[in-house]
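Let's take a friendly walk through a protein model together. Keep the structure open beside you and look for each spot as we come to it.

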Amino acid sequence: MHQFPLDFPPRSLARSTHRDTMRRVVRQSKFRHVFGQAVKNDQCYDDIRVSRVTWDSSFCAVNPRFVAIIIEASGGGAFLVLPLHKTGRIDKSYPTVCGHTGPVLDIDWCPHNDQVIASGSEDCTVMVWQIPENGLTLSLTEPVVILEGHSKRVGIVAWHPTARNVLLSAGCDNAIIIWNVGTGEALINLDDMHSDMIYNVSWNRNGSLICTASKDKKVRVIDPRKQEIVAEKEKAHEGARPMRAIFLADGNVFTTGFSRMSERQLALWNPKNMQEPIALHEMDTSNGVLLPFYDPDTSIIYLCGKGDSSIRYFEITDESPYVHYLNTFSSKEPQRGMGYMPKRGLDVNKCEIARFFKLHERKCEPIIMTVPRKSDLFQDDLYPDTAGPEAALEAEEWFEGKNADPVLISLKHGYIPGKNRDLKVVKKNILDSKPTANKKCDLINIPKKTPDTASVQNEAKLDEILKEIKSIKDTICNQDERISKLEQQMAKIAA
C-alpha cells in the first residue's frame, strides 16, 4: 500500500475537487509556520531507564515545576520526579517515588496543585503523592492516600479539570471509579458500561462529561454523575488496534484509530449525532498508537505516535475540512512516550505555544514549538486567557451536581507559581452523622493572599541562601573541570 512521506498532509476519505485543494493550500492561519525544535543536549535529562512496560500510556507527565517519568524498577513500580531545571545526567541513586508493588502504568499531575501527582499501577491501586517543594531528596514510599477499589491493574488516572480533589481511574476490570481524594472515598463506580478494555478516558472542558475509547471499538460519551451513556458510536474506527478519544473545547470529540486495512485514521464527531463523523482522514500505515495532545486555547491537536519519530499537528476549525494539517516535526529517534506542558509553564516571551518532553530509551528530550514573530511585545492573539491552577469547585459541590468552567488566568507577565498547601486527607468517622455536604474539604488550597511579614522575610532569606549554595556549587564544578583539564595536560606532557 502506498505510504505518504511524513510531511505530507493526510488525505481525506471524501474526494476533494481541485478548487478545494487549492483553497486548503492557501488557507490563512497564524499557526501555519509553527516550528518545533529540540533543545541542546545539556538541557535534556540523561541516563534515565524509561519503563519497558507494554502499555499505551504516555509514561511522562509535566507541569510548571516538575517532570515525572515512569522508569524501570526492580521489585515494584517507580517513577522519577525531577525539578524542571535538573537537566543533564541523572545519577542512578537519584530518589524515586516507589510505593507501588507492581509496575506503574500511568501518572497525572493535579491541575490545582503542582506538588500533587496520582499514579495507577499493575498492583490494582491508585496512589496520590505529595512532592516536596524543591523536589525529592529521599525516595518517597508513603503516599498521602491509597485508593483501593479496582480488581485488576489500573492503567488510567485523570484529574477533574475544574473540581478540587476529584480523580478518575480506569482499570482492566473495565470499571471507571471517580474518587474524592480529600476523603479517600470512591463516590462513583461505573462498572457495567464497558464490555471490554478501556483504552482511554477524557474529561470535557468543565468536567460534566467523560468520553471513552474501548477495545469493543465503541466511543462512548458518559454523564458520570447520572451514570448514563449520553451518546455512543460503534466501530468509530474499524481496525482492531487501540483507539483514543478526547473532548475538544466546543464539546466535539476527536478520535484516532485504525481502518480495517490497518491505516491510521483521525476523526471528528459531534456527540449529538454520531451516525457519521464531521471529518475522517486517513494518514499512513504505521503500527504506533497515535496519542493526541490538545490545546483548547489555540485549537491545535498534536499527534505523537508511539514508536514514531515525528509529531504532527493540526488545527481544528469550523470550516471544511474541519481538521487542517499544519506541519510535522521530525527527528531521528523514535519516541517511547511523551509529556505535554500545560500552557502556564511555557515561555511567552519566546512565542512558545507548546512544549513536549519526548522519552527515548535512556533520556528525556524537551521539544519546543514556536510561532515565529518579529515583535518582542506580548502576543495576545497566541495567548488568550488560559486555565489557571485555582479550582472552580470543591469536590462536594461537583458530586452534588454543580458545574463550572476553568478559572482563567492571563499569561501577559508570565506565570509565577504560588506556594501550594499540603494535601490533607480527612478519613471520615462512620459514627459522625453530619451530612457530608457540610464538611468543606479545603485541601489542595491556593495560598492566602496576605502571608505574614515574618514568613515573607524567611522566604527571602531562604532564596538568598539557595542562590549562594548554587553559586558555590557552580564554582566547584568549574574548578573540577579546570583540575581535570590540567591533569590531562600533565598526563600528555608526562607521556
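Our tour begins on the surface of this predicted model, where Leu462, Ile465, Leu466 and Ile469 form a nonpolar patch. Together these residues have about 350 Å² of accessible area. Leu462 is partly exposed, with a relative accessible area of 47%.

Now let's turn to the cysteines. A disulfide is a covalent bond between the sulfur atoms of two cysteines. How many disulfides does a search of the whole structure find? It finds zero. Take Cys60 as an example: the closest cysteine sulfur belongs to Cys364 and is 4.9 Å away, which is too far for a bond, because a disulfide needs the two sulfur atoms within 2.5 Å. Cys60 is also buried, at 5% relative accessibility. Cys172 is in no disulfide either, and its nearest cysteine sulfur, that of Cys124, is 9.0 Å away. Cys172 is buried too, with a relative accessible area of 15%.

A cis peptide bond joins Ser320 and Pro321, with omega at about 5 degrees. Tyr322 lies in the loop between S27 and S28, and it has a positive phi of about 70 degrees although it is not a glycine. Tyr322 is partly exposed, with a relative accessible area of 27%.

Our last stop is Lys217, in the loop between strand S18 (210-214) and strand S19 (219-223). Lys217 is not a glycine, yet its phi is positive, at about 70 degrees. Its relative accessible area of 25% makes Lys217 partly exposed.

Key
Residues numbered from 1 in each chain as written. Predicted model: local features only at pLDDT ≥ 70, side-chain atom pairs only at ≥ 80, totals over all residues. Heavy atoms only, no water. Patch = residues over 30% accessible without salt bridge, like charges linked within 9 Å, V, L, I, M, F, W, Y side chains within 5 Å. Areas by Shrake-Rupley, 256 points an atom, 1.4 Å probe, with all protein chains shown as cover. Salt bridge = Lys/Arg side-chain N within 4 Å of Asp/Glu carboxyl O. Buried < 20%, exposed > 50% of the residue type's maximum accessible area, 1.4 Å probe, protein only. Helix = DSSP H or I, 4+ residues; strand = E, 2+ residues; numbered from the N terminus.
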